[in-house]
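My notebook is open and the viewer is loaded.

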Amino acid sequence: MINEQTEMFKEEAFELLEELETTLLELEKEPGDMGLIGKVFRALHTIKGSGSMFGFNEVAEFTHEVEDVFDFVRGGRLVATKELIDLTLSAGDIIKKMLGDEMTAAMKAQAEKIVTTLRSYPGEVQPGEEPKAKMAGEAITLEPPPEPTEDKKGEREITYRIRFNPSLDILQKGTNVLALFDELKELGEIKIVAHLHQVPTLEQMVPDECYIFWDIILTTRVSKDAIRDIFIFVENDSKILIDVVDDGQGNEDKDYMKLGYILVERGDLSVDDMNKALSSQKRFGEILLEEGVVEADKIESALVEQNHVRELRNKRQKEEIVSSLRVPADKADRLVNLVGELVTLQARLGQLAEQSIDPELISVSEETARLVWDLRDSTMGIRMVPIGNSFSRFNRLVRDLSNTLEKEVELIARGGDTELDKTVIERLHDPLIHLIRNGIDHGIETPVERRRLGKSPKGKITLTASYSGAHVLIVIEDDGAGIDPVKIKKKAIEKGLIKPDVEIPVKDIYSLLFEPGFSTAQEITNVSGRGVGMDVVKKNVDLLRGSVEIHSIKGKGTTITLKIPLTLAIIDGLLVYIETEHFIIPLSMVEEIVELTDKDVSRSHGRQMTNIRGSIVPYISLREYFSIPGQPPPVQQIVVVEVEQRHIGFVVDMVIGKHQTVIKSLGKIYKQVAGLSGATILGDGSIALILDMSRLALAAEIEDENPVKNKSSYKSEVEREEH
Amino acid sequence: MVDTSMKKPGKKGILNLSGSLTIERVEELREMFQNAITRYKSLEVEFGEVTAVDVTALQLCCAAHKTARQQKKEISFPASLPPLLAQAVHMAGFLRKNGCFLEDRHDCFWIRPLSQS
């Protein structure tokens, strides 16, 4: 139990450290953001507190030093400078090592240095003493403590409705309403609606009088009094009503109030008028607008409040759901495995029911199938996590790398809520690091060079995730120098990868980058250029049954697209057989199925090509490839699949149909067999092998280039590729 | 400095507003609007380089719109506003989905997407 709790603490601490890192990087951009400062402090405070509770005294003591300094930042005595953020980021790295029990002597020395530097920051200010920075250098500046606007008690976000109805002469008195709103904006998330219906015509108005009043919806951690403080200079001339519309407790209905009730509560609509409008069949807001019962801006304002609170509550509910699902990964894996077994068992039951004439058995089987599929989908959903967490980790990489290389780079992440299997996300981490590194090191130019080229000095790396059927597309795009195909071709010729006289399409030239040891970098840096990146990327993506594609325009930038399956555990497959052997082809890759007759074979004169609606598609006979004895039937079937945007056919005796495939890994003995990625158990208990289409396609390509080679020779080529 | 001008005498006029659109010039701006609305059947408001904006100017635009409608004149605002003006419109809470005129809820300067405000 103690171990379990310790593991739980570590897991939580690692998450908090991730959050700390992300928040620090945001704070670097917005050093005065009190919300972010509070978040940093809370993360440190929790790590310290929990660390101490679970016996991680070293972690607790070290974190305490950082927390102390951030307490000063929180109190407005210190500014979160770049130096302090650097120091805190390094401290975060040290805490990670402490938690992982990986502290080396050098790291211990670094930890001591960090503590010494942190202690040199200003301490408590004695009464009567002016606060001043003890630390050398101008990096730390002291400012007077801010107005006591932060609600010290409340960690909760409260949403207020503020009606600000100023006097007619407020503008004549020199009040800048926009500046006032700007000040409110600093407190949190804000929506402002001006009520304009009382503005008169030009002739009727005194132009420097104010005919407007405002509704403001503000979500903040500060108290009502702190909000009132902002209106302190105008409160005598204005009517200011501040009401709590959401107290942040999270025990309410997420739908919030109906529009009519909001208007009634605000005093903008009478109960009678509300009931009258409700009796109509039309939408409530439309009725009020048509009838002119309430001014349009009052409805607008009530709708803004409604949407704001609904969004807030939805977000809160999602956060609560996410935080309540803390289950160790191995338990979730076991559940997935069990569901996998159940899917297999259900397939057997289905097969038995099909052979039976008992209607009750058939009915039970169908009902079970439906439940099992639902269970499968729900269980797979447990493993799905948003890729955004992984994306945010790259901010640190980009920051550190751009500092090292003296480049200015901005990382833009989009589609962070796209969900992928947890294991897939973990396995994608290293390939993405390689690609981002390459983008910064080789792609993005120095600020001087970029200015010379008429580009903004700050380069951009954009990471985008989106769904595409049963796959997720992850696109890494930079606006750097792009890839020069001529340079790659030259290098490939030098390395003997291609012959000088062979014409190769540009797309294929880019594929050469995935060859082991290939690098066009002028010099090897400790960032990249050793040619050990792109082939690893390709290999890892292949292992995930995904694909990678490069598109580049010289001078404009490079786009790398990774196509990754949503999950690794259960796939939809196409069940086929050859003689008595069953195989599974991943259904998401299948384009179409066509017949191959003896006549077609003899017409092709030994070339393994077929003509499908005018397109020549190469194919390989799986019977020959896997050396399955026996004679093929007179009419075979070609399953045409798309691999890396090419169509390739695989000849089988017969296609049986769609099959829910629970992937089982192959034993060590099969590791060297090219073209197989796993196995699955069929309904009758027999085994079907899952085909690795990418590897088989490679075999087809080699066969296509060397048609005279015999079948076993291309098999060995593929195997050689594997090593 | 007069940095607000009127062009194209005749049926359709263009009122070009630029410089500081704040309380100090609001009386002058009102006169410009009044003259232009009286003079032309159809008035197009254009913005040059706007250096400052406050609530009085935004409120004046609403008043001009109401005046034009009352006189059965046409008045139009550009689809895209200068950044400073767009920012003020957003900050002052003027953006909306329905306008004030009961007979035509879509006739409002401030019905525009947040990004193009």
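I looked up A:Glu579 to begin with: it is partly exposed, at a relative accessible area of 35% (buried is under 20%, exposed over 50%, partly exposed in between, with a 1.4 Å probe and protein chains only). I'm working on a predicted model, where local features need pLDDT of at least 70, side-chain atom pairs count only at pLDDT 80 or more, and totals for chains, interfaces and linings use all residues. Residues are numbered from 1 along each chain as its sequence is written, chains are lettered from A and ligands numbered from 1 in the order written, and side-chain values use heavy atoms, without hydrogens and water.

Most residues other than glycine have a negative phi. I found A:Glu579 in the loop between β12 (570-578) and β13 (581-586) of chain A (strands are DSSP runs of E, at least two residues, helices runs of H or I, at least four, numbered from the N terminus).

B:Lys72 also has a positive phi, near 60°. B:Lys72 sits in the loop between α2 and β4 (74-76) of chain B, and counts as exposed at 74% relative accessibility.

**Rings.** I got eleven aromatic pairs over all chains (ring centres of Phe, Tyr or Trp, the latter by its six-membered ring, within 6.5 Å; planes under 30 degrees apart are stacked, over 60 edge-to-face, the rest tilted). A:Phe164 and A:Phe231 make a tilted one, 5.2 Å centre to centre with 50° between the planes. A:Phe164 is in strand β1 and A:Phe231 in the loop between α7 and β4 of chain A, so this pair ties together parts 67 residues apart in sequence. Both are buried.

**Where the chains touch.** How many residues of chain B are in contact with chain A? I noted 34, against 32 residues of chain A (contact means heavy atoms within 4.5 Å). The two chains bury about 2,700 Å² between them, 65% of it on carbon and sulfur atoms (accessible area, 1.4 Å probe, lost on being put together and summed over both).

I saw one salt bridge between them (a side-chain nitrogen of Lys or Arg within 4 Å of a carboxyl oxygen of Asp or Glu). B:Arg96 forms it with A:Asp297, the closest N and O atoms being 3.8 Å apart. On the side of chain B that touches chain A, α2(B) gives the largest share, ten residues.
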